[in-house]
Amino acid sequence: WISPAPAPAGAHGPFVHARAIAPKTILYTDADGRDEIREGGSRSWRNCNAGNIRKGDFSINCGAIGDDGSFAIFPDEESGKAAIIALLRTTAYIKLTLKQAIFRCAPPNENQSEDYAKFIRDKTGIALTAVLADLKMDDFRKIAKFIQVVEGWKPGTIRPNGPPAPLIGAGAAIGVASSAASAASATQDWMAIARREA
C-alpha cells in the first residue's frame, strides 16, 4: 500500500470538489489536494449555496463542485450568488414578475412565499409586479443578496481538515475512550450519509 503524496503547504486554491462527510460538515478540496472543512452554521452557508439550489444539471452548469445529497455545493459564496442570478435569467423565469419568480423558486408548500416576496421587495425597492426581463444586472445582484438572507445564511466554523485537538487536561483513559467514541460516531455518520446517498 502506497500512501498518496501529502498536499503541498500553503493556502488552498480554488476548490474543485466538495462533499458531506458528517452531519452539518462539508469537506472542500482544491486541485492540489488541500482540504478545508465547513461545519455548523446554516446549510446554505456550508454549501456556499445562497439560494439553496437543488443538485442537478443546472447547478453543475453553474459551477457546482458537489452536493450534500439534496442541494448543490458551490466552490465559494460568489459562485452561489451567481447561480441565483443565472436561475432567474433562464427561460423558465425571465418572463415572470418578481413575485411569480419567488413563488416558483420558493413554493408555498415549502416556504412562507408571501412574506419571502415582501421581504425581497422591501429590501431591494423592486416592485413585485416588475418583470425580470426588464431588470438590470444590478437589480439581480440585489435580489440574490437578499435571497441569501431569507434562505438563512448563517456562518459556522471553517477549519483545516485534520484530526481534532487532543483533550486538554484529560486522563489517558478518558482520551482513549473519547477517541473510540469519536471513531464510532464518525463511522455511524459515514454510514448515515452512505445510506442517504444510496
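Trainee: What should I know before reading the numbers?

Mentor: Residues are numbered from 1 along each chain as its sequence is written, and side-chain values use heavy atoms, with hydrogens and water left out. As the model is predicted, local features need pLDDT of at least 70 and side-chain atom pairs count only at pLDDT 80 or more, while totals for chains, interfaces and linings use all residues.

Trainee: What counts as a salt bridge, and how many are there?

Mentor: The rule asks for a side-chain nitrogen of Lys or Arg within 4 Å of a carboxyl oxygen of Asp or Glu. The count here is 7 salt bridges.

Trainee: Which parts of the chain does the pair Glu 39 and Arg 159 link?

Mentor: Helices (H or I, at least four residues) and strands (E, at least two) are DSSP runs, numbered from the N terminus. The side chains of Glu 39 and Arg 159 form a salt bridge, 2.6 Å from N to O. This pair links distant parts of the chain, with Glu 39 in strand β3 (residues 35-39) and Arg 159 in strand β6 (residues 157-160), 120 residues apart.

Trainee: Which helices hold Lys 99 and Glu 114?

Mentor: Lys 99 and Glu 114 form a salt bridge in which the closest N and O atoms are 3.1 Å apart. Lys 99 lies in helix α4 (residues 98-105) and Glu 114 in helix α5 (residues 113-124), so the pair ties together parts 15 residues apart in sequence. Lys 99 is partly exposed at 31%, and Glu 114 is partly exposed at 33%.

Trainee: How do I read the span of a helix such as α6?

Mentor: The expected span is 1.5 Å times one less than the number of residues. Helix α6 (residues 137-150) has 14 residues and reaches 20 Å from its first C-alpha to its last, close to the 20 Å expected.

Trainee: Which residues of α6 are buried, and what covers them?

Mentor: An α-helix has 3.6 residues a turn, so residues three or four places apart point the same way. In α6 the buried residues include Phe 140, Ile 143, Ala 144 and Ile 147. Their cover, counted by contact (heavy atoms within 4.5 Å), includes α3 (77-88), α4 and α5. After α6 comes Gly 152, with a positive phi near 85 degrees.

Notes. Buried < 20%, exposed > 50% of the residue type's maximum accessible area, 1.4 Å probe, protein only.
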